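Hi,

Here is the structure I promised to pass on. Have a look at it first, and then read on for what turned up.

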Amino acid sequence: MIDVAERRYAAQTTVSTASSRAEIEKILVKYGASAFAVGWDQASASIMFDLGTRRIRFTLPLPDREDREFSRTPTGRLRSTTERDKAWEQTIRQRWRALALIVKAKLEAVAAGVATVDEEFLAYIVVPGSGRTVADHVVPELDRSYASTGYVPMLGPGRRQ
């Protein structure tokens with residue numbers, strides 16, 4: 001059986017989370033961000049930055065160190081505390097590498113004229129006055145709409161068969 005986790009971007013990275021955070025900050029400076037912040041708690045880490053007139057926030061979910069994914073091997077063997085911590089830390093490093101990739105790709109798309117800041121970062125833009133992102137506002141309504149209406153046909157509305 002194929003281990004999907006092994007196919008994730010940077011699944012075996014040795015780059016530290018601190019290096020990935022520093023790389024993200026360097027990328028943001030290169031592409032013109034005017035402010036940058038990073039923070040974390042038990043459940044997530046966040047980066048926030050200002051790009052032009054937009055404040056953008058990415059929230060990176062952090063896995064629970066006690067999850068079976070870390071406490072047991074793929075074959076079900078119980079891991080030692082050291083092995084569990086090593087597997088957990090690897091997942092954290094991988095997620096930070098993925099975030100660095102996403103931020104860089106989006107900023108490059110904007111710089112190349114492929115998309116605008118709003119188009120690339122729409123879900124992550126913080127709505128003034130609410131502290132919530134566009135995704136925080138829109139995704140629940142989108143879920144309700146799909147649940148009540150269903151999917152739009154692949155060929156679009158109004159297409160005759």
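Before the details, one term: a residue is called buried under 20% relative accessible area, exposed over 50%, and partly exposed in between, using a 1.4 Å probe and protein chains only. Please keep in mind that this is a predicted model, in which local features need pLDDT of at least 70 and side-chain atom pairs count only at pLDDT 80 or more, while totals for chains, interfaces and linings use all residues. Residues are numbered from 1 along each chain as its sequence is written, and side-chain values use heavy atoms, with hydrogens and water left out.

Overall layout

The protein has 5 helices and 3 strands, in the order α-β-β-β-α-α-α-α from the N terminus. These are DSSP runs numbered from the N terminus: helices are H or I with at least four residues, strands are E with at least two. The radius of gyration is 19 Å, well over the 15 Å that the globule rule gives for 161 residues, so the protein is more spread out than a compact globule. (That radius is taken over C-alpha atoms, and the rule is 2.2 Å times the number of residues to the power 0.38.) Along the principal axes, the C-alpha atoms fill a box of roughly 55 × 45 × 30 Å. Of the 161 residues, 30% count as buried. Looking at contacts (heavy atoms within 4.5 Å) with a separation of 6 or more, 46% come from residues 24 or more positions apart.

The hairpin

Strand 2 (residues 44–51) pairs with strand 3 in the antiparallel sense, over 8 bridges; two strands pair if DSSP finds at least two bridges between them. S44 sits opposite P61 of strand 3. This hairpin has 2 residues between its strands, and G52 takes a positive phi near 60° there.

Salt bridges

A salt bridge here is a side-chain nitrogen of Lys or Arg within 4 Å of a carboxyl oxygen of Asp or Glu, and the whole structure has 10 of them. One of these joins D118 and R54, with the closest N and O atoms 2.8 Å apart. It links distant parts of the chain, since D118 is in helix 4 (residues 117–121) and R54 is in strand 3 (residues 54–61), 64 residues apart. D118 is partly exposed at 29% relative accessibility, and R54 is partly exposed at 31%.

Another one brings E66 and R84 together at 3.4 Å, N to O. E66 lies in the loop between strand 3 and helix 2 (68–71) and R84 in helix 3 (residues 81–111), so this pair ties together parts that are 18 residues apart in sequence. E66 is exposed at 52%, whereas R84 is buried at 15%. R84 also forms a salt bridge with D85, at 2.9 Å between the closest N and O atoms, and D85 is buried as well. R65, E66, R84 and D85 are linked in a network of salt bridges.

The surface

What makes up the nonpolar surface patch of about 460 Å²? V138, L142, Y146 and Y151 do. Patch residues have over 30% relative accessible area and no salt bridge; like charges are joined within 9 Å, and nonpolar side chains (Val, Leu, Ile, Met, Phe, Trp, Tyr) within 5 Å. L142 belongs to helix 5 (residues 134–149) and is partly exposed, at 43% relative accessibility. The protein exposes about 11100 Å², with carbon and sulfur atoms supplying 56% of it; accessible areas come from the Shrake-Rupley method with a 1.4 Å probe, and for residues only the protein chains shown count as cover.

Cheers
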